[in-house]
Amino acid sequence: MKSQHVTLFALVFAAVGLAHDHHHEDQIPMNYVKYPYQAVYPGDDEVTADSIFSGITTFAKLPWVQCLGKDRDTTFDIAFIGAPFDTGTSYRPGARFGPAGIRSGSRRLTLYGGYNVPLEVNPFLSGLKIVDCGDIPVTPYDNKYAIQQIEGGHKELLHRPTFSPLGNDALTGKPLIPISLDGKHHPRVVTLGGDHTIVLPLLRSIHSAYGPISVIHFDSHLDTWKPSVFGGAPSDQAAVNHGTYFYWASQEGLIKNGSSIASIIFPYHLPSLSPMSITEDFDPRPADYANDDASGFQRIEAREIDTIGTDGIIKKIRETVGDRPVYLSIDIDSIDPAFAPATGTPETGGWSTRELRTILRGLDGLYIVSADIVEVAPAYDTNAELTTMAAADVLFEVISVMAKTPLGKVAN
């Protein structure tokens with residue numbers, strides 16, 4: 001009898017072992033991307049809504065590539081990378097969890113296939129290789145070192161060869177040449193913040209390829225404050241924070257003055273001034289505006305949308321940046337907290353999610369070399385994930401614009 005029990009146990013154990021050896025695929029969550037580049041997005045008349053809530057959470061269920069680790073030789077055209085840094089914020093912390101939150105909010109982006117109806121493009125099926133590189137390892141203990149980590153991680157991705165060639169101009173058929181200052185064709189990097197301090201190391205990285213860059217900045221705040229004003233600069237490192245990074249970027253020559261523009265919520269009314277009314281001894285402008293001018297920015301106030309509409313906002317932006325290479329930085333607090341409450345320094349009176357998405361679609365044709373979205377702090381979000389979904393949808397518009405416009409021009 002004892003011998004029979006032993007034999008039966010051995011048979012059961014062998015059967016279980018066999019099942020694990022040969023049928024482990026059955027236990028993998030549906031739609032899980034086991035190997036890179038197996039992600040398949042449905043097109044017209046194909047199956048959609050297929051368990052997009054399962055599997056490892058990457059941005060829009062893109063393939064996860066360890067771009068800064070074992071896959072450091074892997075090429076791509078657009079890479080998402082997280083920068084979980086929030087020790088430069090002045091009010092509510094928590095943006096270190098922004099990258100994870102935005103990825104969670106992006107899961108439904110390909111629920112219906114990923115086609116952008118207004119822009120008439122599916123960025124995921126545009127022929128570009130788009131990947132999620134995970135996060136840059138960022139220390140929470142040393143801001144100076146963390147900023148160096150962010151710059152180094154971004155620069156490593158930016159200077160990697162692209163997966164796709166630049167190709168030819170769609171209209172003339174002539175070959176395109178890169179628009180970068182170093183003459184190379186660079187991939188695009190979309191960074192998930194993190195508080196807005198991260199843009200200083202990101203612009204340092206961008207400068208290494210493009211030189212001084214035009215910037216489109218969506219925010220509720222100027223972020224060009226002098227360190228002596230914003231925070232008081234009790235130390236050299238405290239002087240670099242999420243309200244001063246554009247000041248430092250301007251001081252370092254990273255911004256192309258006069259061709260950058262910010263859309264802001266701000267309490268001041270800017271009077272019409274002739275150049276003759278501003279002298280060394282008298283400047284009637286608010287000090288913050290004067291400093292913003294010195295940092296190279298022009299401004300659009302959020303309330304202008306009530307008079308000139310989204311078309312007017314788009315027109316101002318396009319007239320300012322022209323056909324120059326441009327970097328796009330989006331603070332989620334530019335959206336009214338009614339639509340995106342989970343942020344470090346919320347301000348009422350912002351745009352709706354729909355308005356910002358419309359304006360971003362209006363940037364179609366601009367040479368957006370890279371972008372970021374920052375200040376998403378999921379701990380303050382609603383149970384419905386309003387903010388993280390808004391952030392993901394905003395980036396969907398950004399990569400749709402990117403997919404339609406290669407970073408090259410026909411040689412003169």
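**Figure 1. Overview of the predicted model and its confidence.** The protein averages a pLDDT of 85, and 82% of the residues score at least 70; pLDDT is the predictor's confidence in each residue, from 0 to 100. This is a predicted model, in which local features need pLDDT of at least 70 and side-chain atom pairs count only at pLDDT 80 or more, while totals for chains, interfaces and linings use all residues. Residues are numbered from 1 along each chain as its sequence is written, and side-chain values use heavy atoms, with hydrogens and water left out. The protein has 9 helices and 10 strands; helices (H or I, at least four residues) and strands (E, at least two) are DSSP runs, numbered from the N terminus. Of its 412 residues, 51% count as buried, meaning under 20% relative accessible area with a 1.4 Å probe, protein chains only.

Figure 2. Over residues 32–38, pLDDT stays under 50, and the model has 15 contacts beyond four places in sequence for them; contact means heavy atoms within 4.5 Å. Residues 266–280 also stay under 50, with 24 such contacts. Where pLDDT is low, the predicted coordinates should not be read in detail.

**Figure 3. Helix α3 against helix α4.** The axes of α3 (residues 143–158) and α4 (residues 199–210) come within 8 Å and cross at roughly 35 degrees. Axes are lines fitted to C-alpha atoms, for helices over the stretch in contact, and angles run from 0 to 180 degrees between N-to-C directions. The crossing is right-handed, which means that the near helix is turned clockwise from the far one by less than a right angle. On the α3 side, the residues in contact are I147, I150, E151, H154, K155 and L158. They meet P201, L202, R204, S205, I206, S208, A209 and Y210 in α4. The residues of this contact divide into 8 nonpolar, 3 polar and 3 charged. Here Ala, Val, Leu, Ile, Met, Phe, Trp, Tyr, Cys and Pro count as nonpolar, Asp, Glu, Lys and Arg as charged, and the others, Gly among them, as polar.

**Figure 4. T191 in strand β4.** T191 is found in strand β4 and counts as buried because its relative accessibility is 0%. Beyond four places in sequence, T191 touches I81, A83, H154, I198, L202, A371, D372 and I373.

**Figure 5. The nonpolar cores.** The largest nonpolar core has 48 residues, and F218 and L328 have the most contacts inside it. A nonpolar core is a set of buried Ala, Val, Leu, Ile, Met, Phe, Trp, Tyr and Cys residues joined through side-chain atoms within 4.5 Å. Among the elements that give two or more residues to this core are β5 (214–218), β8 (325–331) and α9 (386–404). Helix α9 gives the most, with 10 residues. Beyond four places in sequence, the contacts of L328 include I216, F218, L360 and V398. A second, separate core of 40 residues includes I81, C133, Y210 and V374.

**Figure 6. S295 and the end of helix α6.** S295 lies in the loop between α6 (287–294) and β7 (297–301). S295 counts as buried because its relative accessibility is 3%. Although S295 and S250 are 45 residues apart in sequence, they are 5.3 Å apart in space, C-alpha to C-alpha. Beyond four places in sequence, S295 touches T224, Y247, S250, I255 and N257. Within α6, the buried residues are D288, Y289, A290, N291 and D292. Just after α6, G296 takes a positive phi of about 100 degrees.

Definitions and conventions:
Buried < 20%, exposed > 50% of the residue type's maximum accessible area, 1.4 Å probe, protein only.
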